[in-house]
Amino acid sequence: MATVLMCRRLPGLSRVTAFSTTAKRKAECGSSKGKKEKPGDKPRAAKTGTESGATIQLLKPQDYRVLYNPAAYAKGRAGSQQHVDRDSSQALGDTFTGPGAAQALQTFPTASSQALPPVRNALPKAKSSTFLEHTILATLHKEEAEKEKQELHNSKEDPRMFQKGRPEYRSLSCDSAEPAQTLPAEEGDSILQSVAGCEGSPGILTDYFFKLSHLPAERRMVLVSDPRFSALCHCAVTAIRLFSTPDLIQILKACVPLAVPASHPLLNACEAEFCRRAWDMGLEQLLLVADCWRCLDRSVPSYLGILFSYANLHWQDLTLPQFVQLLYIIGEGRRPPTDLAQKVESTILKHLDAFTLEELGAICLGLFKSLSGISDHVMRRIADRVALQMEDISTYALVNVLKMLRYTRMDHLPLMRELGKVIPARIPATNIQGIMHITLTYSSLHFFDEDVLAAVATSLPSKVSYCRSKDAAKFLWSFGCLDYEPPNEEEFYSSLIKQLHTKLHEFSKFPEHLLTALLGLAFVKRFPEELIDFALREEFVRKTRGSKYELNKDLFTLGKSVEIECPTYRGSRLPPQLCQEFTEMVSSFAEREIYIRPEIVEATSLLESMLGGPEYVKNHMILPHTRSSDLEVRLAADGHPIPFNFKDPVTAKKLKGVGVSLTDDLMSQLIQGRAHNQSPTEVGNEARIPGQERGDAAGTPCLGGALPAGATSQVGPKPGQWQPWEVRLALQVSNRNHFCYGSRRLLGLHCLKRRQLRLLGYVVVEIPFWEWFPLLKRTRSEKLSYLHYKVFCPALLPKAG
């Protein structure tokens, strides 16, 4: 037996040092051309070591092939099935009849077979073997077809599943299923021959369309290119105003199974005519026509505008199915009628208990797709009902509810807890887009549930070939945002990074997806250098700046993170002038939105009083690309605060050698508050520079004790200069948005920030919201005491050293 220790490094990927190389994974990664076992070696179970990144693995027998064909999953339904049949048959045939297998099964010498009668008798006969092959092939084909059907999202049909719940939808929707009875192809030819004269009445023309729509599917597919069908369409366009409304609707419905192109002249004429007649039609007819347009993939904004206006005037007449169908149409049209918002909410509340769970899913999807706002009250009521019936709702409808929950930023704890109980078991049977939306809900709401994320990570590698660039990006972002690395982290991340390489051509059109993916990876210390080099190239940067999304901050975060965390990186980088532009942009935002937050302002003010003035503390962003503020304090090796925050060179010169004497009286004031006969200004002046009045050098407070009289502080360093004897503190005044919901688990961006601050030599000091926010309501002395402990903690200096 031969074994080999295999330790592989993913090309261009910082941090991923090695990962297990099993036969299956090699097949998945297309790396089956590795080392091969000698023909004489015999296989046995591999023994896997526990060391990270290494596996002791038995080499494959010669000509052994693993039955795995990810390309078969990426085709369309019809073409893919043929591909699966062909490749699966070939692969299985290789397994049964390849040289290795054939030798094992049929080429024993006669003497050997007689010497081993139990083995010989156990071997199947050729006929039985053939039957077994066919049986296994049929089973594999069925399983792969089912898997492919499960994975391929049908954007037309999936959102319409709610229509199967009530018979009323039959009159409101176009049934795109195959007709129960098909028309013989010969009769279709006969109809087309009779069109030549174009003398039929509107009723006859309608009947022609109806019958042609019932031809066999293969005949219908070529009908549009038939000149005789074009003549029929021309006859219908000519007589368009002669059709009754029911007949015109019948013709439009027939166009769906006939697969008439969205830009066809017949559909142009039909749209114009329906817009002209709309106010004379009933709501049921209007909704049915709108559904036909959806099935035909034709954008009809003018018609939908009329439909919404009509519905607004006849709102009181809407039945429950009509209301749900209307919301479905609103969603598919991707345009929210703002004048209906209030009526939509009141109708949802009116029928809330009467909706089926699938209808609730359809309502949420319609609102989500149209970007229609909804009040917290209504969304909470929907979530309340879904949380109580989570076991009964389909995964598709549930995902649609989660989309709207995410859109409204609703922190509905009962639903999320129930979801954590129900959804892990459903993950393996959910398609990749559904899993992506589930995962994105958790990250968007900052809700950490390890069971759900672990289930996603376990299922994803086998489904990764179905990931669009968007899906792969959202998975990486979600796991990075929640700072979660699953038990199968190497398999999980390597499969997604490989998929990003596969989808690289898509990122020129969707640059936001690549930046989303790379940031998610950066949060968990993974930097695939080839992809980063691609993202930081000038050409790609131009594309990001031309995007409809604001990508500058993401680009800035990625570029600066690479500078700090990847010292050996030699690829493309952001130009300095662009970094300066991004820095100014982020700083401007921080001045307006971050630095003025009450918890930060209060901490800054108290630190200034405690340390001796504004020159001892700086409220700024040490790392602008991380988009949150720091309170920077500098200490000498012996614990003295060092002045450094000088507004201009003149001030710096005047303050050289100036500190604050920590007398017993001053310390008492800092801890107990100012004296009753002093104003805040007087206390501030006394705390700031008392030594100036006496004309002597001033001392500064050290770690928890007073300085002897006459002690002096170290000279303050110039801005940007790092003295070897100084300790730089980066105080983090955090808030709830920096952490996962209801927990003390930092989000990925803030983990990245703290990691990078430490890499640059800063000592990170946490002032967490669960400690600081309650103190904001307490006395000044309590707040000063807390900050004094944080800044002058004895553990800081050894830690910094």
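In the predicted model, Ala383, Val386 and Ala387 of helix H18 are in contact (heavy atoms within 4.5 Å) with Pro414, Leu415 and Glu418 of helix H20. The residues of this contact comprise 5 nonpolar, no polar and 1 charged, where Ala, Val, Leu, Ile, Met, Phe, Trp, Tyr, Cys and Pro count as nonpolar, Asp, Glu, Lys and Arg as charged, and the others, Gly among them, as polar. The axes of H18 and H20, as lines fitted to C-alpha atoms over the stretch in contact, with angles from 0 to 180 degrees between N-to-C directions, come within 9 Å and cross at roughly 30 degrees. H18 and H20 are therefore roughly parallel to each other (angles under 35 degrees).

Helices are DSSP runs (H or I, at least four residues) numbered from the N terminus. Helix H19 spans residues 395-407 and reaches 18 Å from its first C-alpha to its last, close to the 18 Å expected at 1.5 Å a residue (1.5 Å times one less than its number of residues). Of the 13 residues in H19, 11 are buried (under 20% relative accessible area, 1.4 Å probe, protein chains only), including Leu398, Asn400, Lys403 and Arg406. The cover over the buried residues of H19 includes helices H17 (357-369), H18 (376-388), H20 (413-426) and H21 (432-444). Just after H19, Arg409 adopts a positive phi of about 60 degrees.

Residues are numbered from 1 along each chain as its sequence is written, and side-chain values use heavy atoms, with hydrogens and water left out. Local features need pLDDT of at least 70 and side-chain atom pairs count only at pLDDT 80 or more, whereas totals for chains, interfaces and linings use all residues.

Methods. Helices (H or I, at least four residues) and strands (E, at least two) are DSSP runs, numbered from the N terminus. Buried means under 20% relative accessible area, exposed over 50%, partly exposed in between (1.4 Å probe, protein chains only). Angles under 35 degrees count as roughly parallel, over 145 as roughly antiparallel, 65 to 115 as roughly perpendicular and the rest as oblique.
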